[in-house]
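Grab a pencil and open the model in your viewer. A few exercises follow, each with a worked solution.

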Amino acid sequence: MQTVTVNLGQRSYPIELGEGLLSRVGEMMKAQGIAGRVGIVSNPPVAGLYAEEVRESLQGAGYETSLVLIPEGEGHKNTASLGLIYDALVGRRFDRGATLIALGGGVIGDITGFAAATFLRGIGFVQIPTTLLAQVDASVGGKTAVNHEQGKNLIGAFHQPRLVVIDMKTLRTLPQREFAAGMAEVIKHGIIQDAGYFGFLEDGMDSLMRMDPAALETAVAGSCRIKAAVVEQDEREQDRRAILNFGHTIGHALESFTGYERFLHGEAVAIGMIQAAALSASRGVCGAAELGRIEALVRRAGLPWRIPDDIALADLVDGLELDKKSHAGKIKFVLCEGIGGTRFQWFSAAEIVRELASGL
């Protein structure tokens with residue numbers, strides 16, 4: 001087992017990573033001083049695989065538990081599903097000493113965290129991410145949200161977990177498409193922060209895609225360390241933390257335009273990263289060789305890399321304008337300075353579309 005610590009003063013917490021950790025959730029929560037009733041929020045497929053093992057561990061440690069199920073999928077990360085969680089917590093008389101556990105992927109983590117941030121003005125929560133994307137990104141850093149029909153993550157709050165438990169065995173039941181989608185966030189961390197880590201991914205991508213245990217644990221731990229370091233510098237995204245949005249401006253617009261039905265989040269981000277790197281190259285910030293390396297690694301991970309022909313760039317303008325990073329009609333866009341560095345530039349949605357179209 002490895003431990004990566006997110007150092008945020010009184011809000012610091014450990015990320016525990018290894019094999020077979022679901023059976024130890026109860027003792028890990030006790031070690032963090034977590035008491036009170038526990039609500040496990042999940043969806044039916046994930047709960048069918050892992051909820052019983054988690055409940056047994058919690059009950060063995062003396063916790064009273066309840067299971068709350070919401071529908072599966074990004075399309076259900078909304079206020080309707082949020083209401084289901086609130087209804088269960090109220091109906092079961094949860095108080096301010098209670099804790100919610102998010103057992104699932106990024107959707108479950110985001111909505112559970114937001115429910116915990118807002119129920120009774122804030123209760124504790126624990127992340128148990130079961131997808132690669134959630135393990136390396138969504139479970140770390142305290143961003144919580146639900147979607148609005150007009151845009152992704154428009155309703156949210158910062159609320160740090162008390163503990164993150166990453167059991168690597170959960171990746172074995174992940175469909176290949178979901179696993180590849182998570183690799184987009186892994187690649188992103190190398191692009192924005194660590195050229196050496198990007199090189200490790202280039203050397204080891206074949207092993208990673210075969211889910212080699214040693215390579216995979218190294219990648220997950222590496223991504224968690226990179227994200228933790230960024231969050232520690234800027235917890236509430238006043239400045240530097242926005243580098244984690246690399247590829248997300250265009251990715252979120254793609255997801256919103258297609259009703260969250262055509263692309264997995266990581267697939268949309270992969271396309272967004274290539275477009276962001278291309279825009280960076282057109283601005284002279286990123287070289288052609290680095291753009292080629294980024295595109296090659298994304299494609300080796302089995303991810304989409306270009307906007308489909310049936311989606312015009314102009315179709316994405318509305319989604320870009322509703323980006324939560326926008327201010328006074330401009331979007332704080334993340335450019336990559338080659339591999340391992342970033343810079344910000346403010347664009348309007350129309351400018352983004354025009355610049356990308358000129359490079360096609």
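**Exercise 1. Two helices side by side**

In which hand, left-handed or right-handed, does α7 pass α11?

Solution. Keep in mind throughout that this is a predicted model.

Step 1: find the pair. Helix α7 covers residues 195–209 and helix α11 residues 288–300.

Step 2: look at the geometry. Their axes lie 10 Å apart, at an angle of about 20°. Angles under 35 degrees count as roughly parallel, so α7 and α11 are roughly parallel to each other.

Step 3: read the hand. The crossing of α7 past α11 is left-handed.

Step 4: list who touches whom. From α7 come Phe 198, Leu 201, Glu 202, Met 205, Asp 206 and Met 209, and they meet Arg 293, Ile 294, Leu 297 and Arg 300 of α11. Sorted by class, the contact of α7 with α11 has six nonpolar and four charged residues, with no polar ones.

**Exercise 2. An angled pair**

Work out how α6 and α10 are arranged, and which residues they bring to the contact.

Solution. Step 1: α10 spans residues 265–282, and its axis comes within 7 Å of the axis of α6, crossing at roughly 40°. That angle makes α6 oblique to α10.

Step 1: the crossing of α6 past α10 is left-handed.

Step 2: on the α6 side, the contact uses Arg 177, Ala 181, Ala 184, Glu 185, Ile 187, Lys 188 and Ile 191. On the α10 side you'll find His 265, Gly 266, Glu 267, Val 269, Ala 270 and Met 273.

Step 3: by class, that contact between α6 and α10 has seven nonpolar, two polar and four charged residues.

**Exercise 3. Residues tucked into those helices**

Solution. Step 1: Gly 190 has a relative accessible area of 0%, so it is buried. Ser 280 is buried too, with a relative accessible area of 0%.

Step 1: skip neighbours within four places in sequence, and Gly 190 contacts Ala 195, Tyr 197, Phe 198, Ile 339 and Gly 340. The C-alpha atom of Gly 190 is also 8.5 Å from that of Ile 226, a residue 36 places away along the chain.

Step 2: do likewise for Ser 280, leaving out residues up to four places away, and you get Val 285, Cys 286, Leu 335 and Cys 336.

**Exercise 4. A helix under cover**

How many residues of α9 are buried, and what covers the buried residues of α9?

Solution. Step 1: count. Nine of the 10 residues of α9 are buried, so the rest of the structure largely encloses this helix.

Step 1: name them. The buried residues in α9 are His 248, Thr 249, Ile 250, Gly 251, His 252, Ala 253, Leu 254, Glu 255 and Ser 256.

Step 2: look for the cover. It includes helices α6, α10, α12 (317–321) and α13 (349–358), along with strands β8 (151–158) and β11 (330–336).

Step 3: follow the chain onward. Just after α9, Gly 259 has a positive phi of about 65°.

**Exercise 5. Pairing up charges**

Find the salt bridges made by Glu 19, Lys 143 and Arg 343, and say where the partners sit.

Solution. Side chains of opposite charge can pair when their charged atoms come close.

Step 1: Glu 19 pairs with Arg 172, at 2.7 Å from N to O. Glu 19 sits in the loop between β2 (13–18) and α1 (25–31), and Arg 172 in the loop between β9 (163–167) and α6 (176–193), 153 residues apart. Glu 19 is partly exposed at 41% relative accessible area, whereas Arg 172 is exposed at 61%.

Step 2: Lys 143 pairs with Glu 237, with the closest N and O atoms 2.4 Å apart. Because Lys 143 belongs to strand β7 (residues 143–148) and Glu 237 to the loop between α8 (213–233) and α9 (248–257), the bridge ties together parts 94 residues apart in sequence. Lys 143 is partly exposed, at 28% relative accessibility.

Step 3: Arg 343 pairs with Glu 337, and here the closest N and O atoms are 3.0 Å apart. Both partners are partly exposed: Arg 343 has a relative accessible area of 39% and Glu 337 one of 35%.

Step 4: look for shared partners. Salt bridges link Glu 74, Lys 77, Asp 110, Lys 152 and Glu 255 into one network.

Conventions
Residues numbered from 1 in each chain as written. Predicted model: local features only at pLDDT ≥ 70, side-chain atom pairs only at ≥ 80, totals over all residues. Heavy atoms only, no water. Salt bridge = Lys/Arg side-chain N within 4 Å of Asp/Glu carboxyl O. Helix = DSSP H or I, 4+ residues; strand = E, 2+ residues; numbered from the N terminus. Buried < 20%, exposed > 50% of the residue type's maximum accessible area, 1.4 Å probe, protein only. Axes fitted to C-alpha atoms, helices over the stretch in contact; angles between N-to-C directions. Parallel < 35°, antiparallel > 145°, perpendicular 65-115°, else oblique. Left-handed = near helix turned anticlockwise from the far one by under 90°. Contact = heavy atoms within 4.5 Å. Nonpolar A, V, L, I, M, F, W, Y, C, P; charged D, E, K, R; others polar.
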